[in-house]
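My entries follow the structure.

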Amino acid sequence: MGFRALVVSKDETGATSAAIRMLEDTALPDGDVTVAVEYSTLNYKDGLCLGPGSGLVRSYPHVPGIDFAGRVAQSSDPRFAPGDAVVLTGWRVGEVQWGGYATRARVRGDWLVPLPDGLSTRQAMAVGTAGFTAMLAVMALEEHGQTPGKGPVLVTGAAGGVGSVATAILSRLGYEVAAVTGRPETASYLTGLGASRIVPRSDLAETVKRPLEAETWAGCVDAVGGPMLARVLGQMRYGASVAAVGLAGGAALPATVIPFLLRGVNLLGIDSVMCPQERRVTAWQRIGQDLPLDLLESMIHEATLADLPALGAEILKGGVQGRVVVDVT
Ligand code: NDP
């Protein structure tokens with residue numbers, strides 16, 4: 001049987017290019033479950049895998065797509081039967097192994113999560129790795145004592161995928177959300193998701209001058225990293241936590257340890273890729289409960305496989321708002 005895929009190739013000069021191709025099922029990687037993919041999505045990492053690879057992709061030709069949702073077509077794993085709706089995020093699928101930018105994917109059953117009740121395959125991909133990671137960040141903050149009564153929670157990179165979903169979940173849970181954005185034109189979108197305050201990116205752009213500033217934020221979901229995260233650490237209230245999710249603004253952390261030592265600030269690392277299965281199932285159940293589907297709908301931009309090369313370049317420039325849902329069929 002054949003399937004359609006967006007295939008990235010590398011030429012002898014090292015340049016990559018993407019094209020839609022028909023492939024045979026025999027080209028699929030090893031795995032015990034074959035999925036008829038219905039939807040995929042676009043994350044920052046997909047932008048890298050569609051373009052330069054940046055050390056994530058091991059061999060070419062490659063089918064990117066770090067997330068997919070669809071129905072089981074064939075399974076030798078007793079936990080999955082043909083027709084079951086499943087979602088996959090992470091496990092380095094779409095990086096070291098072929099991913100979801102195709103009508104068929106083959107993976108290990110251990111990596112699949114049954115779709116939670118009430119969520120369609122399209123909605124699951126509107127969530128995708130970005131939204132799943134936002135939920136993991138909120139769970140980590142809660143596990144460190146976060147409650148709405150403690151005060152405002154900052155979300156950085158708010159108009160992006162992680163930030164949009166974090167804003168919507170936190171506001172649904174009753175938090176006062178302050179949304180940091182470098183795109184003032186997204187203000188009404190962000191208030192629509194439940195942000196009660198917009199913080200211009202420029203307010204947090206300068207590098208740390210004083211290790212401690214006024215105690216402002218009771219929590220933070222940070223998709224940006226770099227100098228902005230360093231600055232935010234000095235603005236956290238006593239005992240508050242920051243969930244470090246991303247590096248859209250840089251991987252270096254030009255900070256001091258003073259906020260940890262004098263204010264007991266916690267820096268919580270969030271990893272979605274190798275996140276254990278039990279926690280994945282819990283996070284997807286929480287998404288089903290705590291992410292308002294009408295707000296999720298307002299984040300969606302529809303796309304097809306053919307749109308992905310251009311969108312991949314766009315997300316690397318920080319130019320994509322909310323969540324891209326890719327109808328791969
Ligand atoms: P998006 O591109 O959708 O969002 C990132 C947002 O960050 C942008 O929309 C922009 O928001 C802001 N931003 C971009 N560049 C800069 C900059 N130079 N300085 C400050 N802010 C900037 O990406 P995602 O939401 O999908 O991912 C966000 C980050 O999280 C990425 O670094 C990604 O690699 C990481 N990530 C990590 C995961 C994990 O497991 N830890 C899983 C998923 C993502 P605005 O326009 O509002 O300012």
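**Ligand shell and sheet**

I sorted the shell around the ligand by class and found 15 nonpolar, 14 polar and four charged residues; Ala, Val, Leu, Ile, Met, Phe, Trp, Tyr, Cys and Pro count as nonpolar, Asp, Glu, Lys and Arg as charged, and the others, Gly among them, as polar. The model is predicted: local features need pLDDT of at least 70 and side-chain atom pairs pLDDT 80 or more, while totals for chains, interfaces and linings use all residues. Numbering starts from 1 along each chain as its sequence is written.

I looked up which of the 33 residues around the ligand come nearest: Gly157, Gly160, Gly246, Gly249 and Gly318 (near: C-beta atom, placed from the backbone, within 6 Å). Helices H1 (44-50), H2 and H3 each supply at least two shell residues (DSSP runs numbered from the N terminus: helices H or I, at least four residues; strands E, at least two).

I noted that the ligand lies between domain 1 (2-115 + 296-327) and domain 2 (129-269), because both give residues to its shell; the bounds come from an automatic or database domain assignment.

I then traced an open sheet of six strands in the order E10-E9-E8-E11-E12-E13, with parallel pairing (at least two DSSP bridges per pair). Strands E10 (197-200) and E13 (266-269) stand at the edges with a single partner each, so one side of each has no neighbour in the sheet.

I checked E9 (residues 177-181) against E10: they pair in the parallel sense over four bridges, and Ala179 stands opposite Ile198 in E10.
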